[in-house]
Amino acid sequence: MGRDSSVNMKASAIAIMLCAMFVIVSFSGCVQNNPTAQKVLIFACSSDVDKLDPADVTDQESTARTDSMFEGLVEYESGGTNIQPCLATDWTVSSDGKNITFNLRHGVKFHDGTDFNASAVVFSFERQFNTSNPYNQYGEWAYWGYMFSDIQSVEKLNDFQVKIVLSRSNAAIMTSLAMFTVSIVSPTNAAKYGRDAFSHPCGTGPFKFVEWVKDDHITVDANPNYWRGAPKLDRIIYRVIKDPSARLLAIQNGEVQGMEFPDPASFTQINADSNLKLLTQPGMNIGYLAMNNGWGYNDTNKNGMRDPSEPWVKTPGYFAPFTNRSVRQAVNYAINKSAIVKNLYKGTAIVAKNGMPPFMLGYNDAIVDYPYDPVRARELLTEAGYPHGFNTTLWVMPVSRPYMFDPTKIGEAIQSYLADVNINVQIYQIDWATYLAKTQAGEHPMCLLGWTGDNGDPDNFMNVLYGENQCTIGTAGNVAFYNNTQVQDLLTLALQTYDTTQRANLYKDAQVIIHQDAPFVYLAHANQNLVFRTNVNGFVLNPTARYFFYPVTMT
Amino acid sequence: MKWYIIKRLLQIIPVILGVTIIAFSLIHLAPGDPARTMLGQHATQQELDAIRAKYGLDKPLYEQYFIWLGNVLHGDLGRSILSHEQVTTEIAARFPNTIELAIAAMIFAVIIGVVAGIISATRQYSAADYTVMGIALFGISMPVFWLGIMLMMIFGVYLRWLPIGGRIDLLIPFHHITGFMVIDSIIALNGPALVSVLQHLILPAVALGTIPMAIIARTTRSSMLEVLRQDFIRTERAKGLSERRVIYKHAIRNALVPVVTVIGLNFGLLLSGAILTETVFSWPGVGRLVVDSVYSRDYPLVIGCILVFALVFVFVNLITDLLYTYIDPRIHYD
C-alpha cells in the first residue's frame, strides 16, 4: 500500500503542477494589447522577405519591407508615380537625353553614421552592373538587366555631384530611378558584412534596422537623425502571418495594427468592424486571358530583340483558330467581364479594356470595350469558319496573384461563357514555377496570366507585354505571342520620346491596334487593399504597392 | 547494447545516401528551376543562363550531386539560392521552434491520450468509453487547419485568454541564446517572456497534438484491453492486489510497448509535418521552410531540410527502440 500511495502522490503532484501552470499561463496578463509608452506599430505581412538588399530582390514582400530603410536619388510623389527629389536635390538632362547630372543632398548620414555622398551613389549602382566590382558576385541584380541596362556608366563629378550616362535615350529612366532597385546603400556597411550585407541593411531612410528573426518578424526603429526629421512612430515590427484569416483575427484582436492582402471575402466583416478601416486603391496591374497567336522566335543571340536572322517559328501551343482575328474577337464578345469582376474579384477591381491601368500616362480611354454579346460571338465564329465551335484547352494559374484573386473560379467562369458559344474548353493546371516556364515557352493555346507594374511607366506594361520583341519562345513576356511589327515600332519610338504628350499619343495608337487585333481578353485591374486599426493614421497607398510609413502616426 | 547502438548509427549512412539521392533526383525532375523563380516573369534567356552557370545548375545531375556530397562531408550544406543565407543558418533559425512545438504537442498528446486510453479500456463499453473514443475519432478526422482556426476563434478572439499566433508578444524584450525560447527565457530569468512564450505555445500544441493524441488514445485502449485479458493479470487479481495497483503498476507497463512505437513514429511526423499548424499559427518552423523552398526550387535548401528530417527520423526511431528495453526488460539487443 505504501508504494501505491507514493505513486499516487507523485502523479497527483504532477497533475496539480500542470494544472497550475496552465491556469497561470492562461490568465496571467492574458493578451497584451496596445503599446502605451512607445508608439509601436505591428504590421502583419503575408510572407517573410527573401533578402533585405533592395537591389537584389524582386518580390513585393521584400521591397515593401526595405522601403522604410532605404531611399533613392528620386522618389514617387505621395500616392502617385510622378517623381520628386529625394537624395538628389535637382538634376539636369542633356539635350540628347543621354546624360543626367544629379546634385546630391548635403548633410545626410547613413544609419551606420557614415556620410551619404557621390561615392556611395556610384557604389550602389556599380555593384549591380560592373562585374569587376568585388560586390557584384554577391547578388543576382535581377532588375538591373531588365530595367537599367541602358545605363552605361555612373560617374562621380565631385563629392555631391554624379552623372549617369545612358547608351541610348530612354524616356522611362527617371521613373525607373525611383524604384527600390537603385536605392543608395552604405559602402562602409557593405564592406563590413561582405556577402552577408543582405541581412544587415543600412540606408538613409526614416527607419533603421534592428533585427530579423526569420519567418517571424523584422524590427525597425525610428532614425532620429533622418534628414526630414524623425518619424512619428518609434518602432515598426513587420510580423509574418501567412494565413489571411489569421491575419484578420490578429488585427481584430489588436495584436497587430495593420495588415496586407486581406481576403476580399472578408471585406463586409472589415467594414462592419468599427475598429478597422480598409484602404483601397486601383492597383498598377492587369489580369488577362491570352490566346496564343501562334508564332514566336528563338532569341539565339540573346539581345532581347527579334533580328532578321531569327525567323518566326510556330509556338508549341499553336492552335489554328486563335491565329484568326475574328475568333479572338469572338472570345472577347463571349465573356461577361463585369460579372467576373463583380462576383469573383468580389468587386475589388475594375473591368479592364486596355492592357495597362487607367491612371497611367498614355491610357486610351476613347477605346470602346467589346461588350458581352454571345450572339455576336457566334456570328463571328461562323464568319471565321467555325459555325460549330471547336475544342481547346485553357491553362489556369494554380496560385492567386494580386491581379487575379481566384484563378480557378475565373477559369471555370470563362469555361462556361465559352461553352455558350460552342467553344468547349478543358481546364489545365500545373504548379506555378512550371506554369510560368511553359506559358513563356508558348505551350498553351489559351492561358490566364497578368502583370504587376514595376516603376509606374507605361513602357513597363506596353513593351513588356505586347511588343513582338517579347515573343521569345522560352522567356516570352508577351504570352499571346502577338507579333505586330507596327505596334512594336510605336512602342520603341515611345520609349525614345521625352515629350510626354507625343509619347502618350504613341501608346494610345498602339492600344487601338491591339484592341482590333484582340490577342487578349483584358479582364480586370485589381485594387490593392490594406487594413489598419482606426488609431493608425496617415498611411497613403502608392500605386506601385510600396509601403511608406514615414508620415504614419498612432494615437 | 553498445554494439547495437554503433550498428544502428552506422546504418544511418546508407539511409542518408539513399534519401538524398532520391530527394536530389526528384526535385531536379520536377519542372521549373530556381533561376526562373529568382528572376520572375521578365527573365531573359541570357540572365537565366548566367544564374544557372553561377550555381552549377547547368552541370549533369550526378556531377551536381557529388559536388554537393563533397561539400557536405566538409560540413558545408551550401547557401540558399534564393536568400543567399547559409542553409545551416536557415535551418538552425527555425529548427528549435519546430522541436519546441513538437515536444509540447507530444506532451499534450501523451498525457491526454494515455489517460483517455486507460479510462476507456478499464471501463469498456461504458458511457465514458464511448465518449472518449468518440472524441478520439473526432480528433483523428479533424482537419488541423480548421481546428487551429476554431481554437484561435474561441480562445483568442472570444475568450481572449490566449494569443492567436506567433512565438512571443513582440513588445516583450527577448534575446535569442539557444533558439529554444522556453529555455532562453528561463536562462535569462525573463519571467514575462516565459509566460508569453508558454501562452503562445498552448494553442498550436493542442492543434498539432490532437491527431497523435487520438491515435495514442486508441492504441492505448486496444493494447490495454489485450493486456487486461492476460493470465498474469488474472493471477494478480487472484493474489488480491488492488485494481489500481494491477492497472497502474503491472498492466500499463506491458501495454505501453506498442504505444511507445506509435509515439516514436508520430514524433518524427510532428517534426516534419507541422506545416499546416505552422501556417495557421504563424509559427516560424522548418515545415514551412521546406514547403516554401520546394515551391521556389531552392535545391540546396530542400536537400538540406530533407537531410535534417531524415537524421531526426532515424534518431527518434533509435531512441524509441532503446526505450523498449527500459519499458520491457525482456527485450535485449545484444
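**Where the chains meet**

I started with the interface of this predicted model, where 54 residues of chain B are in contact with 53 residues of chain A. I count two residues as in contact if their C-beta atoms, placed from the backbone, lie within 7 Å. Local features need pLDDT of at least 70 and side-chain atom pairs count only at pLDDT 80 or more, while totals for chains, interfaces and linings use all residues. Residues are numbered from 1 along each chain as its sequence is written, and chains are lettered from A and ligands numbered from 1 in the order in which they are written.

I then asked which elements of chain B give two or more residues to this side; among them are helix H2 (34-39), helix H3 (45-54), helix H5 (87-122) and helix H9 (191-228). H3(B) gives the most, with five residues. By class, I found 25 nonpolar, 17 polar and 12 charged residues on the side of chain B that touches chain A. Here Ala, Val, Leu, Ile, Met, Phe, Trp, Tyr, Cys and Pro count as nonpolar, Asp, Glu, Lys and Arg as charged, and the others, Gly among them, as polar.

**Chain B overall**

I looked up the secondary structure next: chain B has 14 helices and zero strands. Helices (H or I, at least four residues) and strands (E, at least two) are DSSP runs, numbered from the N terminus. The C-alpha atoms of chain B fill a box of roughly 85 × 55 × 40 Å along the principal axes. Of the 334 residues in chain B, 43% are buried, that is, 20 or more other C-beta atoms, placed from the backbone, lie within 10 Å of the residue's own.

**The cores**

The largest nonpolar core has 166 residues, and Ala105(B), Ile216(B) and Phe43(A) are among those with the most contacts inside it. Such a core is a set of buried Ala, Val, Leu, Ile, Met, Phe, Trp, Tyr and Cys residues joined through C-beta atoms within 7 Å. H9(B) supplies the largest share of this core, 18 residues.

I checked Ile216(B) too: leaving aside neighbours within four places in sequence, its contacts include Ala109(B), Val110(B), Val259(B) and Ile263(B).

A second, separate core of 75 residues includes Tyr345(A), Phe461(A), Phe481(A) and Val487(A).

**Helix H14 of chain A**

Why is H14(A) (residues 459-466) largely enclosed by the rest of the structure? Eight of its eight residues are buried, so the rest of the structure largely encloses this helix. Phe461(A) is one of these buried residues. The buried residues of H14(A) pack against strand E13 (285-291), strand E19 (446-452), helix H15 (485-495) and helix H16 (500-517) of chain A.

Conventions:
A residue is buried if 20 or more other C-beta atoms lie within 10 Å of its own, exposed if 12 or fewer, and partly exposed in between; C-beta atoms are placed from the backbone.
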